[in-house]
Amino acid sequence: MRNEESLIIKLSNLLNKLPNIGPRQAKRLSYFLARYDSKILDEIAKLFWDISKKINICESCNFVFEKENKNQKLCSICGDAKRDKKIICVVEKDTDLISIEKTGKYKGVYYVLGGLINTFENDIDKSIDLKLLISKIKKSLVDKDPIKEIVLALNFTSEGYLTANEIKDRLKPYGVKVTQLGIGLPVGSEVEFADTETLIEAFKNRN
Ligand SMILES: [Zn+2]
């Protein structure tokens, strides 16, 4: 096989690992990039390098953040003494967290699940990651300083409902108060795309 072809194949195989990119699309995208402006490609390559070196996942909430120093383990929200660590808002993904932060009204912390339960996946633990959240709740009980509230801010879709119910079931044994965003968000709507006013209302009306 010729060398330039194997580079394209390597790139397609990597792009194919990204969400929602199938093998054909990965191949087309690879050929597209091969013809792209080399300056922009260099910039993208540098950005990927920076991301791999400077970005970390918060060890308290799973949020992606840019490190200000090498040893930083917490995101700026978890590291902020003014935020109430006893109220945890559970979201599907980083972009949902950003939408809620934009309201400027929420003063608790977050927990990023990394996905929602999908109807076709039998292994629930592959879709959502609750380990860290549960260990946090357990620790708060041992420390006799229990978590006050878990707010589920999940999409108003079938996956969102399924995930909310699963989380409620899994958290039941710990006796922690679990609420959900209330009216304001219409059926089928996604947290990421909800406007600020609607999100503020939905938080006020959580139940
Ligand atoms: Zn964090």
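The legends below describe a predicted model.

View 1. The chain contains eight helices and six strands. Its C-alpha atoms fill a box of roughly 65 × 40 × 35 Å along the principal axes. Domain 1 covers residues 3-52, and domain 2 covers residues 84-204. The centres of domain 1 and domain 2, taken over C-alpha atoms, are separated by 34 Å.

**View 2. Four strands form an open sheet.** The strands lie in the order β4-β3-β5-β6, and their pairing is parallel. From one strand to the next, the twist averages 30°. In general, the strands of a sheet pair through backbone hydrogen bonds, in either a parallel or an antiparallel manner.

**View 3. Strand β5 is seen with β3 and with β6.** Strand β3 (residues 84-91) pairs with β5 in the parallel sense, over four bridges. Strand β5 (residues 149-152) also runs parallel to β6, to which three bridges join it. Leu 152 can be followed through both pairings: it is the bridge partner in β5 of Val 90, and its own bridge partner in β6 is Gln 180.

**View 4. Helix α4 packs against helix α8.** Helix α4 comprises residues 94-103 and helix α8 comprises residues 196-204. Their axes are 9 Å apart and meet at an angle of about 85°. Angles of 65 to 115 degrees count as roughly perpendicular, and α4 and α8 are therefore roughly perpendicular to each other. On the α4 side, the contact involves Ser 99, Ile 100, Lys 102 and Thr 103; on the α8 side, it involves Thr 196, Leu 199 and Ile 200. The residues of this contact divide into three nonpolar, three polar and one charged. As background, an α-helix has 3.6 residues a turn, so residues three or four places apart point the same way.

**View 5. Helix α6 and the residue Lys 144 are shown.** Helix α6 consists of twelve residues, 131-142. At 1.5 Å a residue, α6 should span 16 Å, and the 17 Å between its end C-alpha atoms agrees with this expectation. Just after α6, Lys 144 adopts a positive phi of about 55°.

Definitions and conventions
Residues are numbered from 1 along each chain as its sequence is written. This is a predicted model: local features need pLDDT of at least 70, side-chain atom pairs count only at pLDDT 80 or more; totals for chains, interfaces and linings use all residues. Domain bounds come from an automatic or database domain assignment. Helices (H or I, at least four residues) and strands (E, at least two) are DSSP runs, numbered from the N terminus. The expected span of a helix is 1.5 Å times one less than its number of residues. Two strands pair if DSSP finds at least two bridges between them. Axes are lines fitted to C-alpha atoms, for helices over the stretch in contact, and angles run from 0 to 180 degrees between N-to-C directions. Angles under 35 degrees count as roughly parallel, over 145 as roughly antiparallel, 65 to 115 as roughly perpendicular and the rest as oblique. Two residues are in contact if their C-beta atoms, placed from the backbone, lie within 7 Å. Ala, Val, Leu, Ile, Met, Phe, Trp, Tyr, Cys and Pro count as nonpolar, Asp, Glu, Lys and Arg as charged, and the others, Gly among them, as polar.
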